[in-house]
Amino acid sequence: DTGVSQNPRHKITKRGQNVTFRCDPISEHNRLYWYRQTLGQGPEFLTYFQNEAQLEKSRLLSDRFSAERPKGSFSTLEIQRTEQGDSAMYLCASSSARLAFFGQGTRLTVV
Amino acid sequence: DQQVKQNSPSLSVQEGRISILNCDYTNSMFDYFLWYKKYPAEGPTFLISISSIKDKNEDGRFTVFLNKSAKHLSLHIVPSQPGDSAVYFCAAYDGSSNTGKLIFGQGTTLQVKP
């Protein structure tokens, strides 16, 4: 399977805990994006990497959120001190030209 | 500020008939548009796209129409099939930005009845 892969698919965590998600993009894509989707809404942009450089972060990305893409390959998104409002689907996408391919997402539930 | 709007949260059509999903945008710098399909608990899957220099793009049962003056696009599915039942998202690229991030609408849930 050469598509975008995300792990885990589901995560249930207690409020206040830290969580980390992983994204493996399509190997030849140098652009990687994180989006968040809540119920009844479309995906909202969180952050963007060109190779290993994080070039843009949304105002949605509070200081509890951090993303990395070491060596320009896989990426991780960490949420510290999770809150119930962080419950959402976190989507990763990689792109070539103007076509973005999405992973299956990580569904986060904060209880 | 919702720059891409899908004003119909849901649409129900009979199998074999045409499904028309609509999308409006406000930013005149948007220059490339895409439609994605999403099943529950899965990521969005690319369907079809259109550049702002065109007014129509067709791929099999799917056709996207773009009316730049009205800042409106629509996705036509003919004939509709039960497997088309999903959430459809309209998305746009801002031509003035080099990040390549997508701006999504809220989505329209399509139900195709057998």
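Where in chain A is the place of Ala97(A)? Ala97(A) is found in the loop between S9 and strand S10 (99-102) of chain A; helices (H or I, at least four residues) and strands (E, at least two) are DSSP runs numbered from the N terminus.

The model is predicted: local features need pLDDT of at least 70, side-chain atom pairs count only at pLDDT 80 or more, and totals for chains, interfaces and linings use all residues. Residues are numbered from 1 along each chain as its sequence is written, chains are lettered from A and ligands numbered from 1 in the order in which they are written, and side-chain values use heavy atoms, with hydrogens and water left out.

**Chain A as a whole**

Chain A has 0 helices and 11 strands, and its elements from the N terminus on read β-β-β-β-β-β-β-β-β-β-β. The radius of gyration of chain A is 13 Å, close to the 13 Å given by the globule rule for 111 residues, so the chain is as compact as a globular protein of that length. This radius is taken over C-alpha atoms, and the globule rule is 2.2 Å times the number of residues to the power 0.38. The C-alpha trace of chain A spans about 40 × 25 × 20 Å along its principal axes.

Of the 111 residues in chain A, 45% are buried. Buried means under 20% relative accessible area, exposed over 50%, and partly exposed in between (1.4 Å probe, protein chains only). Among the contacts in chain A with a separation of 6 or more, 51% join residues 24 or more positions apart, where contact means heavy atoms within 4.5 Å.

**The open sheet**

Chain A contains an open sheet of 4 strands in the order S1-S3-S8-S7, with antiparallel pairing; two strands pair if DSSP finds at least two bridges between them. Strands S1 (5-7) and S7 (65-68) of chain A stand at the edges with a single partner strand each, so one side of each has no neighbour in the sheet. From one strand to the next, the twist averages 15°. The axes are lines fitted to C-alpha atoms, for helices over the stretch in contact, and angles run from 0 to 180 degrees between N-to-C directions.

S7(A) pairs with strand S8 (residues 75-79) of chain A in the antiparallel sense over 4 bridges. In S8(A), Ile79(A) is the bridge partner of Phe65(A).

**Backbone features**

Most residues other than glycine have a negative phi, and most peptide bonds are trans. The table lists exceptions in both chains.

| Residue | Feature | Value |
|---|---|---|
| Asn7(A) and Pro8(A) | cis peptide bond | omega about -10° |
| Val78(B) to Pro79(B) | cis peptide bond | omega near -10° |
| Arg81(A) | positive phi | near 50° |
| Ala97(A) | positive phi | near 55° |

Pro8(A) lies in the loop between S1 and strand S2 (10-13) of chain A. Pro79(B) is placed in the loop between strand S8 (72-77) and strand S9 (86-94) of chain B. The loop between S8 and strand S9 (88-96) of chain A holds Arg81(A), which counts as partly exposed at 45% relative accessibility. Ala97(A), by its relative accessibility of 71%, counts as exposed.

**Aromatic side chains**

Over all chains, a search of the whole structure finds 16 aromatic pairs. Rings of Phe, Tyr and Trp (its six-membered ring) pair if their centres lie within 6.5 Å; planes under 30 degrees apart count as stacked, over 60 as edge-to-face and the rest as tilted. Tyr25(B) and Phe33(B) form a tilted pair, 4.7 Å centre to centre with 45° between the planes. Phe30(B) and Phe33(B) form an edge-to-face pair, 6.5 Å centre to centre with 85° between the planes. Tyr25(B) and Phe33(B) are buried, and Phe30(B) is buried as well.

One aromatic cluster is formed by residues of chains A and B, including Tyr33(A), Tyr48(A), Phe102(A), Tyr36(B) and Phe104(B).

In chain A, the charged end of Arg22(A) sits over the ring of Phe74(A), 3.9 Å from its centre. This description requires NZ of Lys or CZ of Arg within 6 Å of the ring centre and within 35 degrees of the ring normal.

**Surroundings of Gln54(A)**

Gln54(A) is in strand S6 (residues 53-57) of chain A and counts as partly exposed at 30% relative accessibility. Not counting residues up to four places away in sequence, Gln54(A) touches Thr47(A), Tyr48(A), Phe49(A), Leu61(A) and Ala67(A). Gln54(A) and Met89(A) are 35 residues apart in sequence and 21 Å apart in space, C-alpha to C-alpha.
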